[in-house]
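Please look over the sequence and the 3D structure shown below.

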Amino acid sequence: MRACGPSRREALDNLVFTRAVVNEALRLYPPAPFMGREALDRDDLAGRRIEKGTQVLIAPWIVHRHRRLWDDPEHFRPERFMPPKDRDIPRGAFIPFGLGPRICIGRGFAIQEILAVLATILPVFHFRLLDPQSVVPQARITLRPAGGMPMIVTPR
Ligand code: HEM
């Protein structure tokens, strides 16, 4: 397999559209589709009283598909993550890695890893889904395609 060259970091930084595609995939199919919190004390959340001990569920799956936050939310449109358009994305609208003090510490690494894998295999192999209609997302702790995503892989 081919590596992406001596200046690997710079090469990954140049994959602006690939990064946008990855972000759009993380928007529509967030690997952590919901996160839980327990209220340590009484609080108000968007005008709603939260009692101490209440379990609060934050669902990136729903936030990422909210019509007030996203144009055409159900459609795969990586362009929304292309600079400078990505600056229009409101804070808190895109939370595949969470937000605030407990935000994923591996997020930078995860994105670099995804880009490195894509940059390594996509120039060499072509992937075709056997049956695009059969891909059904399934939420357990993480989100996954139920039954996997069987593909035909051919050398380019
Ligand atoms: C696409 C890949 C990944 C996604 C979508 C993801 C998502 C998340 C999310 C949503 C949280 C916050 C959970 C919460 O607030 O309840 C989290 C936390 C965390 N993630 Fe990731 N993660 C990814 C990859 C990684 C990697 C590669 C590492 C380590 C190298 C990592 C390490 C952690 C750790 C240690 C926390 C806990 C941080 C804390 O509680 O202070 N994650 N991740």
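A residue is called buried when its relative accessible area is under 20%, exposed when it is over 50%, and partly exposed in between, with a 1.4 Å probe and protein chains only. This is a predicted model, in which local features need pLDDT of at least 70 and side-chain atom pairs count only at pLDDT 80 or more, while totals for chains, interfaces and linings use all residues. Residues are numbered from 1 along each chain as its sequence is written, and side-chain values use heavy atoms, with hydrogens and water left out.

Begin with the whole chain. Helices (H or I, at least four residues) and strands (E, at least two) are DSSP runs, numbered from the N terminus. The protein chain has 4 helices and 8 strands, and along the sequence they follow the pattern α-α-β-β-β-β-α-α-β-β-β-β. Taken along the principal axes, the C-alpha atoms fill a box of roughly 60 × 35 × 30 Å. Of the 156 residues in the protein chain, 21% are buried. Contact here means heavy atoms within 4.5 Å. Among the contacts between residues at least 6 apart in sequence, 60% join residues at least 24 apart.

The chain is divided into domain 1 (6–123) and domain 2 (127–156); such bounds come from an automatic or database domain assignment. The centres of the two domains, taken over C-alpha atoms, are separated by 21 Å. In this pairing, 9 residues of domain 1 are in contact with 8 residues of domain 2. Buried area is the accessible area (1.4 Å probe) that two parts lose on being put together, summed over both. Between domain 1 and domain 2 it is about 660 Å², and carbon and sulfur atoms give 70% of this. A salt bridge is a side-chain nitrogen of Lys or Arg within 4 Å of a carboxyl oxygen of Asp or Glu.

Turn next to helix α2, residues 16–28. Helix α2 has 13 residues and reaches 19 Å from its first C-alpha to its last, close to the 18 Å expected at 1.5 Å a residue; the expected span is 1.5 Å times one less than the number of residues. Its buried residues include Ala20, Val22 and Leu26, and the buried residues of α2 pack against α3 and α4. Glu24 and Arg27 are both buried as well. These two form a salt bridge, with the closest N and O atoms 2.7 Å apart. Because Glu24 and Arg27 are 3 residues apart in helix α2, about one helical turn separates them.

Arg19 takes part in another salt bridge, in which its side chain meets that of Asp13 (3.8 Å, N to O). Arg19 is partly exposed at a relative accessible area of 26%, and Asp13 is partly exposed at 36%. Arg19 is also in contact with Gln112, as are Arg9 and Leu12. Gln112 lies in helix α4 and is partly exposed, with a relative accessible area of 21%.

Arg49 is partly exposed at 46% relative accessible area, and Glu51 is partly exposed at 36%. Salt bridges that share partners join Arg42, Asp44, Arg49 and Glu51 into one network.

Some backbone angles deserve a look. Most residues other than glycine have a negative phi, and most peptide bonds are trans. Ala46, in the loop between β2 (43–45) and β3 (48–50), has a positive phi near 50 degrees and is exposed, with a relative accessible area of 85%. Asp72 has a phi near 50 degrees as well; Asp72 lies in the loop between α3 and α4 and is partly exposed at 36%. Pro84 lies in the loop between α3 and α4, and the peptide bond from Pro83 to Pro84 is cis, with omega near 5 degrees.

Which residue of the protein gives the iron atom of the ligand its single donor? The donor is the SG atom of Cys104, 2.2 Å away. Donors are N, O and S atoms within 2.8 Å of the metal (3.2 Å for Na, K and Ca), and water is not among the atoms, so sites may look incomplete. Cys104 is placed in the loop between α3 and α4. Ile105 is found in the loop between α3 (60–63) and α4 (107–121) and is exposed, with a relative accessible area of 87%.

Technical notes
Lists of a residue's contacts leave out its neighbours within four places in sequence.
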